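Biologist: Hi! Could you walk me through this one, starting with its surface?

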Amino acid sequence: MRRLIGQDVGLRWLLPVALDHLRETAPQEAATGWYDDDLLPAVVTRAESVWREQPRLARHLDETVRMLTDLSSYIRHEVEGFRAALSDVLMA
């Protein structure tokens, strides 16, 4: 799924599934102190236009990422870029 999303293949169908998976696995990070999932960078780096077309999914991703407390610096940077680009969508 990560590879397909990273190539922008089937986003309409795969993003909702990926976001649900990320949400389900986020509590593991709280329990272990570490979140290792290559799916998160693939999802959070999709084009701004993808999220603007599906603002509900953008908010879902933002809520999920807020559950995570120990992101690596490179993923944190990607998340900050996602939030900055979509701040108006995330606040709606």
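Modeller: Happy to! The accessible surface of the protein comes to about 5,500 Å², and carbon and sulfur atoms own 51% of that. Keep in mind that this is a predicted model.

Biologist: Okay, and how many helices and strands are there in the protein?

Modeller: You'll find seven helices and zero strands. Read from the N terminus on, the elements go α-α-α-α-α-α-α.

Biologist: What share of the residues is buried?

Modeller: Buried residues are 39% of the 92 in the protein. As for contacts with a separation of 6 or more, 64% are between residues 24 or more positions apart.

Biologist: New topic: how many positive and negative side chains does the protein have?

Modeller: There are 11 positive and 15 negative side chains, with the centres of the two sets 4 Å apart.

Biologist: Now histidine 60. Where is its place?

Modeller: Histidine 60 sits in helix H5, which covers residues 55-66.

Biologist: Does histidine 60 count as buried or exposed, and why?

Modeller: Histidine 60 counts as buried because its relative accessibility is 15%, and the cut-off for buried is under 20%.

Biologist: And which residues does histidine 60 touch?

Modeller: Leaving aside residues up to four places away in sequence, histidine 60 touches Leu19, Asp20 and Arg23.

Conventions: Residues are numbered from 1 along each chain as its sequence is written. This is a predicted model: local features need pLDDT of at least 70, side-chain atom pairs count only at pLDDT 80 or more; totals for chains, interfaces and linings use all residues. Side-chain values use heavy atoms; hydrogens and water are left out. Helices (H or I, at least four residues) and strands (E, at least two) are DSSP runs, numbered from the N terminus. Buried means under 20% relative accessible area, exposed over 50%, partly exposed in between (1.4 Å probe, protein chains only). Contact means heavy atoms within 4.5 Å. Accessible areas come from the Shrake-Rupley method with a 1.4 Å probe; for residues, only the protein chains shown count as cover. Lys and Arg count as positive and Asp and Glu as negative; His and the chain ends are not counted. The place of a charge is taken as NZ of Lys, CZ of Arg, CG of Asp or CD of Glu.
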